[in-house]
Amino acid sequence: MTHHLGQLVYLVASVLFVFSLHGMNDPKTARRGVFAGGVAMALAVLATWMQPEIIHHTWIIVAILAGFAVGIPMSRVPLTAVPQRTAISHAFGGLAAGLVGTAKYYLWVGEGPEQLTSFRMAALVAEVLLGFLTFTGSLLAAGKLQEIKWIPQRPVTYPYQNVSNIGLLALAVLLGILLVLNPTGTGASIMFPLLIILSLAFGVLLIIPIGGADMPTVISILNAYAGLSAVAMGFVLDNKLLITAGALDGSSGLILSIIMCRAMNRSFVNVLFGAFGQVKAAAADAQERHYKSETIEGAAQVLEQANLVVIIPGYGLAVAQAQHRVRELYDELTRLGITVKFAIHPVAGRMPGHMNVLLAEAEIPYSDLVEMDEINADMPQCDVALVIGANDVVNPAARTDKTTPIYGMPIINADKARTVFAIKRSKNPGFAGIDNELYFLDHTFMLFGDAKQVVGELAKHLSGGECGH
Ligand code: NAP
């Protein structure tokens, strides 16, 4: 009876997981989506509790407490650190799948060879391979994103790298096939641990050639791997909810990576093997080139005369936590009868939707957030493009310079506006480590400083607070 009830609860949880993902499609329903996902997870734990084969319920309590102990501090990281936080979650997911697979293998070996059917063994191999490679790969990705000193940010490349990586993977797959053919035969006791070691090593080797700039995309690919390992774990444990949830996780991770690759005009294969994100030596030349600066007063005067102002937010806005000041500036400009639009680049910031979330926090109306393709049509009519902490996503070199690593990446055409003001703290390059041609144009003026401070001062000037209007 409890078994059937447990299955029913699993079914409800699966449906809620689908609703959860669907809800996250749109900012208006995203909160509901997150809530549905949380309830689904709680139901999944409850249903597992109800399964007759669970006899040591204390372990579930221990696991819940451990989850809270780790999860609560992890939920408090700033928005800018969410990509690495997500990578750590994937690492845990991968490790869990890998360990469950390992435990199940040895348990079944102990119970007798008849337990290890080819199907079970194939699921085990997939679970262990994907689980352990996701574990080390995600840890390394998180370390690169967190800019941990002893982990190199730049891509680490060496001769025959792709060939040796593929060779290693082929060897792991070969071991897997041998194990499926003969799960407990001679050599299996060595082959299984060797499979684990190869998977752990492959995770590291897969990530070291990838530079920081591609890391968010890689994290979403690792998300897909973690999902697939959960599917395999579902087959191993004969748990339908794990299969469904893992498939949802795997496919959404894959779709997200494809969307991100498209937004950066990069092919999947390129992201995985391209060694993108090298900091070019050219960045040093930037110091020699001439920037024109503008004062707050000067910029405020130009803004006052504008009909259409397009604000282009980027990662720096998130770092400075300037969203509430941006709201003040928006209020001042609209009060003066100026039309203000926000140009949203799909990969501005460090994760998809980063800018939307930030601006929503400051309650900037969603109707004024305009997608890249749509706003680009309006840029020639734009009087002032105000770039706030954005760099790569407005770099015109992406359209013209074939030698730049961001060549072909669609950008917001800030350069087409009549006047460009760019707020940033220094002459340093953006995430891709390259010069920004926009800053050297005749009609571009820099407003050097922290985004929160500069935007705050601009808003104050426009309100008459500083210049006594
Ligand atoms: P970006 O190229 O990283 O540039 C951010 C700029 O903000 C920097 O030039 C920095 O200059 C400035 N900044 C930092 N802190 C600041 C502060 N407190 N006040 C003012 N300015 C500050 O950012 P982006 O234009 O948003 O481009 C996003 C990058 O991430 C792209 O290369 C994109 O491909 C990559 N990416 C994003 C995703 C995604 O899903 N969103 C995925 C993969 C890759 P200073 O240091 O001089 O201040």
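Predicted model: local features only at pLDDT ≥ 70, side-chain atom pairs only at ≥ 80, totals over all residues.

Biologist: In what order do the strands of the open sheet come?

Modeller: The order is β3-β2-β1-β4-β5-β6, an open sheet of 6 strands with parallel pairing. The edges are taken by β3 (369–371) and β6 (444–448); each has a single partner strand, so one side of each has no neighbour in the sheet. From one strand to the next, the twist averages 25 degrees.

Biologist: And which strands does helix α11 touch?

Modeller: Helix α11 (residues 296–305) packs on the sheet and touches β1, β4, β5 (419–424) and β6. The direction of α11 makes about 135 degrees with that of β5.

Biologist: Which residues of α11 are buried?

Modeller: Ile296, Gly298, Ala299, Ala300 and Leu303 are buried in α11. The buried residues of this helix pack against β1, β4, β5 and β6, and also against the helices α13 (323–335) and α17 (451–462).

Biologist: Let us turn to charges. How many salt bridges does the structure hold?

Modeller: The structure holds 7 salt bridges. One of them joins Asp383 and Arg418, with the closest N and O atoms 2.6 Å apart. Asp383 lies in the loop between α15 (372–378) and β4, and Arg418 in the loop between α16 (397–400) and β5, so the pair ties together parts that are 35 residues apart in sequence.

Biologist: Is Asp383 buried or exposed?

Modeller: Asp383 is buried, because its relative accessible area is 15% and the limit for buried is under 20%. Arg418, at 48% relative accessibility, counts as partly exposed.

Biologist: What does Lys341 form a salt bridge with?

Modeller: Its partner is Asp368, and the closest N and O atoms are 3.5 Å apart. This pair also links distant parts of the chain: Lys341 is in strand β2, Asp368 is in the loop between α14 and β3, and 27 residues separate them. Lys341 is partly exposed at 23% relative accessible area, whereas Asp368 counts as buried at 13%.

Biologist: What about Arg327 and Asp331?

Modeller: Their side chains meet in a salt bridge, at 3.1 Å from N to O. Both residues belong to helix α13, and because they are 4 residues apart there, about one helical turn separates them. Arg327 counts as partly exposed at 24% relative accessibility, and Asp331 is partly exposed at 34%.

Biologist: Changing topic: which residues make the nonpolar surface patch?

Modeller: Leu169, Leu171, Val173, Leu174, Ile177, Leu178 and Leu181 make the patch, which covers about 610 Å². Ile177 has its place in helix α6 (residues 161–181) and counts as partly exposed at 46% relative accessibility.

Biologist: I would also like to check the backbone. What is the phi of Tyr160?

Modeller: Phi of Tyr160 is near 60 degrees, a positive value in a residue other than glycine. Tyr160 is in the loop between α5 (118–145) and α6, and it is exposed, with a relative accessible area of 68%. Glu363 is not a glycine either, and its phi is positive at about 55 degrees. That residue sits in the loop between α14 (354–361) and β3 and counts as exposed at 62% relative accessibility.

Biologist: What is Pro346 in contact with?

Modeller: Leaving aside neighbours within four places in sequence, Pro346 is in contact with Ala263, Pro352, Gly353 and Met372. Pro346 lies in the loop between β2 (339–344) and α14, and at 29% relative accessibility it counts as partly exposed.

Biologist: Finally, how many helices and strands are there in the protein chain?

Modeller: There are 17 helices and 6 strands. Buried residues make up 48% of the 469 residues in the chain. The C-alpha trace spans about 85 × 55 × 35 Å along its principal axes. The chain exposes about 22,400 Å², of which carbon and sulfur atoms supply 64%. Among contacts between residues at least 6 apart in sequence, 77% join residues at least 24 apart.

How values were computed: Residues numbered from 1 in each chain as written. Heavy atoms only, no water. Patch = residues over 30% accessible without salt bridge, like charges linked within 9 Å, V, L, I, M, F, W, Y side chains within 5 Å. Areas by Shrake-Rupley, 256 points an atom, 1.4 Å probe, with all protein chains shown as cover. Salt bridge = Lys/Arg side-chain N within 4 Å of Asp/Glu carboxyl O. Helix = DSSP H or I, 4+ residues; strand = E, 2+ residues; numbered from the N terminus. Buried < 20%, exposed > 50% of the residue type's maximum accessible area, 1.4 Å probe, protein only. Pairing = 2+ DSSP bridges. Axes fitted to C-alpha atoms, helices over the stretch in contact; angles between N-to-C directions. Contact = heavy atoms within 4.5 Å.
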